[in-house]
Amino acid sequence: MRLEKIRVLIICGIVALAIAIVTALFAVIGFTGPVRGILKTVAKPLEWCGTQVANAVNGFSEVFTDYDRLAQENEELREELAALKEQVQDDTVLREENTWLKEHLEIADTSAGLRLTEARVISRAIDNYSTVLTLNRGTVHGVKVNMPVLTPDGVFGYVKEAGLDWCKVVSLLETVSSIGAYTDRTGALGVVQGDLALRDEGLCLMTYIDKNADLRIGDRVYTKGGEESNYPPDLLIGEIVSIEADDSGLVVRIKPAVDVSRIDTVSRLMIICGYASEG
Amino acid sequence: MSRMRSIRRKSRRQGGIRPDLVKRIVIFGLLTLILSAAMSSFFAQLTCLPATPDLMLGAVIAIALLDGRGSAAIVAVAGGITVDALGGVGASLSPLLYLGVVLTVGLLGEKMLSSFLSFLLLLLPSLFLRALFSLVGIWLFVGEITFAGVLTGVLLPEAISTFVFCCPIYFLVMLCLLPIKDRRERAARL
């Protein structure tokens, strides 16, 4: 009996080791194993239910945990409402509708020719050290690995893995993420990268900047695009919040336009499945 | 070839696949899927939690204590694959972690009773193993790390969260084993 138990353990050990090696090789060549795809598809309804419940709980707990922030937001909204009331009454409905539409069409306005696929979050990474989301769009919807992901506010990240009807998206706060970028005021070039130390603060770094570059706090940073980049040009990444100089050059911290921590199932994410200059 | 034939003969003599084995596969399979889905969706999205708890860790220890190391080893591998499929990126290393937990339970829990207290005692070294695993994961996939930052930012919140949410898992596994154990006990009585 004891021998049989040991045999089971040894067999399981060999299987676990084989799985680790095979999946590591798959990860290196960028292939998603069929088991992962099947499990993900089977568990999708369960994950959807879990996410809905989590959203409901979050909404309820926000009343207590974020009371101050909500109170301030409420005050701001009251003031905004009062200001709006002063405007011409006939225009109010049209104005609101226009603002709402503008928010959602901003990307299409500024970066014409993007082919966007709308997606929603169904789950998150469980490892506690990476901001990886699973979205409800996959290869059947035309999604491929390395495609950029946006929100109406700006760049979120890129597709790391794509399954049949799901994909895993890595945020720009991760160390594996790097985007060629430029600043709006002076056109200074650099690379926006994730940094472990800054990730908890919701910031990332801009590196490889010319030492004499003219940068200021508040400068906006956009994607540079180009043939070697997966990102189309002129998409908002964020703005500069601090500039320091050390031996290696300038250390610039960027606050992404997208608040990664507040992305949930209600948030609208868009995957860029193609753009005009890509051909 | 002859070995295969003898296994088949033995299986036929025993009346094919045992119903309690099928029951166990279905119950543990569902438990694995539900726990993994809960981890990657519900617990991973709760903003009031400091970290996502590793519920599968509790399930593996509970199964090892209540149903045996053999069952726990199989659940460890299947659970590890499912957890990584739903909530992981890249290589699937969780089966190795959970198998390590089963081995730990095997070594330390040999003379322990199948009680909740034993479960809690065995959860502590398993959490240490989990922390080591996370540390290796961060070092491999994130790169440069400061130990103090990782300890306060990832390891401690993860351990506390896992400890708290794993406690009910023991009773959930106990509940799941009721149909299997009842049948086995009835058969033994007959």
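Student: Which element gives the most to the lining of the second largest pocket?

Tutor: That's α2(A), with six residues. Keep in mind that this is a predicted model.

Student: Okay, and what volume does that pocket have?

Tutor: The second largest pocket comes out at about 1200 Å³. It has 41 lining residues, and those closest to its centre are R124(A), V260(A), S261(A), R262(A) and T47(B).

Student: Which elements give two or more residues to the lining?

Tutor: From chain A you get α2 (34–65) and β12 (249–256). From chain B there are α2 (19–45) and α7 (147–189).

Student: Switching topic to the interface. How many residues of chain B are in contact with chain A?

Tutor: On the chain B side 47 residues are in contact, and they meet 46 residues of chain A. Between them the two chains bury about 3900 Å², with 69% of that on carbon and sulfur atoms.

Student: How many salt bridges does the rule find across that interface?

Tutor: Zero between chain B and chain A. For polar contacts, though, the count is eight residue pairs, both residues being at pLDDT 80 or more.

Student: Which helices of chain B supply at least two residues of the side that touches chain A?

Tutor: Those are α2, α4 (69–87), α5 (94–108), α6 (116–141) and α7 of chain B. α4(B) gives the most, with eleven residues.

Student: And what kinds of residues are on that side of chain B?

Tutor: They divide into 29 nonpolar, 13 polar and five charged.

Student: Where do R24(B) and D67(B) sit in the chain?

Tutor: R24(B) is in helix α2 of chain B, while D67(B) is in the loop between α3 (55–66) and α4 of chain B. The pair links distant parts of the chain, 43 residues apart.

Conventions. Residues are numbered from 1 along each chain as its sequence is written. Chains are lettered from A and ligands numbered from 1 in the order in which they are written. This is a predicted model: local features need pLDDT of at least 70, side-chain atom pairs count only at pLDDT 80 or more; totals for chains, interfaces and linings use all residues. Side-chain values use heavy atoms; hydrogens and water are left out. On a 1 Å grid over the protein atoms alone, a cavity is a set of points where a 1.4 Å probe fits but cannot get out, and a pocket is an open set with protein on both sides within 12 Å along at least five of seven lines; lining residues have an atom within 4 Å of a point. Grid points are joined across faces, edges and corners, and a volume is the space filled by probe spheres set on the points. Helices (H or I, at least four residues) and strands (E, at least two) are DSSP runs, numbered from the N terminus. Contact means heavy atoms within 4.5 Å. Buried area is the accessible area (1.4 Å probe) that two parts lose on being put together, summed over both. A salt bridge is a side-chain nitrogen of Lys or Arg within 4 Å of a carboxyl oxygen of Asp or Glu. A polar contact is a pair of N or O atoms within 3.5 Å; within protein, one must be able to donate a hydrogen and the other to accept it, and residues adjacent in sequence count only if both atoms are side-chain atoms. Ala, Val, Leu, Ile, Met, Phe, Trp, Tyr, Cys and Pro count as nonpolar, Asp, Glu, Lys and Arg as charged, and the others, Gly among them, as polar.
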